[in-house]
Structures are given as structure tokens and as C-alpha cells.
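User: Hey, I'm new to this one. Can you walk me through what's in it?
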Amino acid sequence: MTGIVPSILSADFTRLGEQVREAEAGGGQRVQVDIMDGHFVPNITMGPIVVEAVRRCATLPIEAHLMITNPEQYIEDFAKAGADVIIVHQEVCPHLHRVIQQIRATGKMAAVALNPSTPIILLENILALIDMVLIMTVNPGFGGQDFIPEMLPKIARLRQVITERGLRCDIEVDGGIHEATAPLVVKAGANLLVAGSAVYNSHESVAQAIARLKNALA
């Protein structure tokens with residue numbers, strides 16, 4: 001079953017609690033909080049305090065997507081704030097195995113994100129140790145970008161490796177997901193779809209926007 005993961009990066013922060021609750025009531029499977037530091041990506045967004053706020057108004061699992069340098073310095077903070085899944089980028093973790101162990105030690109699910117130019121072979125030796133791989137289908141840093149179609153073979157190859165090894169590892173995609181691209185990434189092998197603009201920047205309600213994405217996959 002494919003899950004829709006609303007990203008609050010595109011939400012209306014003047015009514016964040018309401019929008020998170022709408023996503024939960026509308027059938028979202030998780031909620032993603034995008035953490036950006038202005039170093040790893042050219043934008044600055046949120047921190048643990050926002051994760052705490054989302055935790056108070058949602059029962060859904062919360063993903064903390066750490067698009068930051070030195071993520072190992074903040075893993076405990078995001079775990080304590082209420083994140084259920086902590087996602088770090090391979091590109092900023094020279095000791096990725098150690099960081100995965102650190103996440104595991106907090107009792108949280110461990111996930112690794114790959115930028116568009118990062119090959120999946122770099123996860124070859126740790127794939128069995130993580131719960132999820134997040135394939136970025138845009139260059140991280142901003143919402144509302146266009147989907148990069150060259151990522152579809154990358155998703156398919158990752159699904160092939162996971163299946164061949166008999167692993168229980170989710171494949172999530174993030175970037176440019178809407179009703180036209182969602183079926184493409186699911187066909188390639190993804191089972192979790194992060195959607196920001198498609199959920200929060202439409203003229204529909206949040207529930208209607210999530211339903212539209214799910215209908216595109218039917």
C-alpha cells in the first residue's frame with residue numbers, strides 16, 4: 001500500500017496545528033518536517049521546536065528530514081522533540097554507519113536520503129541496517145520544484161536491490177510529487193510519497209488534495 005506523507009514546508013504556518021490535523025484526518029500516513037540549515041541546502045527552515053509543536057497536535061508518525069550539516073549533533077534533540085523517523089543525508093555523513101547506530105540508540109527509525117546526483121551504491125553496505133531510503137527527486141532546499149524524471153531508474157534499481165536481498169526497507173520519494181508524477185514513482189518501486197505543494201498549495205481542502213493523489217494511483 002502506498003502512503004502519502006504531507007510535508008509541512010508548504011503549510012500555512014499561521015494555522016499549522018489545524019493543517020497538520022487536516023492532513024491526519026484526510027488520510028496522510030506520516031507528516032514530514034523539513035529541517036534546513038542554510039549550509040547543506042540554500043534555505044533555513046525549522047528546528048526541534050516545530051517538531052514538538054507538530055507532535056502535540058498529531059498522532060501520525062513524524063519524519064524529521066535533516067537537510068543539515070553535522071546531523072549527529074542534533075539527533076537526540078529531534079528524538080526528544082517527538083520525531084519517529086529521523087532522516088539524514090548520506091552526503092554529510094562520512095561516518096554514516098555510526099550515525100545510523102546513533103539514531104537506533106534513541107529508539108527511532110533510521111532513514112537515509114540521497115540527493116539526485118548521489119548513486120545508490122553508496123548505501124550498499126548499510127542498506128540492511130536502515131528502515132527507509134529517501135530518494136530526492138528534486139535538489140533539496142525549496143518546495144514547488146519540478147520533478148526530475150531521470151530519478152525513475154534510480155528508484156527502480158533500488159527496489160530491485162531491496163527485493164533481491166529480501167529486505168524490509170521503505171522507499172520514499174520527495175520532490176515534485178503530484179497526480180501526474182505519483183503513478184510514475186510508484187510504478188518504479190516507491191511506496192511512500194512526500195507531497196508538499198500538491199497538498200497545501202492547491203485550491204482544494206487538504207483532504208481533497210490527498211484523495212486526488214490517492215485516486216491517481218488507483
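Analyst: A salt bridge here is a side-chain nitrogen of Lys or Arg within 4 Å of a carboxyl oxygen of Asp or Glu. Keep in mind that this is a predicted model, where local features need pLDDT of at least 70, side-chain atom pairs count only at pLDDT 80 or more, and totals for chains, interfaces and linings use all residues. Residues are numbered from 1 along each chain as its sequence is written, and side-chain values use heavy atoms, leaving out hydrogens and water.

User: Where do aspartate 131 and arginine 104 lie?
Analyst: Aspartate 131 is in the loop between β5 and β6, and arginine 104 is in helix α4 (residues 96-105), so the pair ties together parts 27 residues apart in sequence. Helices (H or I, at least four residues) and strands (E, at least two) are DSSP runs, numbered from the N terminus.

User: Is aspartate 131 buried or exposed?
Analyst: Aspartate 131 is buried, at 17% relative accessible area, while arginine 104 is partly exposed at 37%. Buried means under 20%, exposed over 50%, and partly exposed in between (1.4 Å probe, protein chains only).

User: How many salt bridges does a search of the whole structure find?
Analyst: Ten. Another one links aspartate 84 and arginine 55, at 2.7 Å from N to O. Aspartate 84 sits in the loop between α3 (75-81) and β4 (85-89) and arginine 55 in helix α2, so parts 29 residues apart in sequence are tied together.

User: New topic: what's the strand order in the open sheet?
Analyst: The eight strands go β1-β8-β7-β6-β5-β4-β3-β2, with parallel pairing. Two strands pair if DSSP finds at least two bridges between them. At the edges are β1 (3-6) and β2 (31-36), each pairing on one side only.

User: And how many bridges join β6 to β7?
Analyst: Five, between residues 132-136 of β6 and 170-174 of β7. Leucine 134, for instance, has glutamate 172 in β7 as its bridge partner.

User: Which strands does helix α5 touch?
Analyst: Helix α5 (residues 152-165) packs on the sheet and touches β5 (109-114), β6 and β7, with its direction at about 170° to that of β7. Contact means heavy atoms within 4.5 Å. For the angle, axes are lines fitted to C-alpha atoms (for helices, over the stretch in contact), and angles run from 0 to 180 degrees between N-to-C directions.
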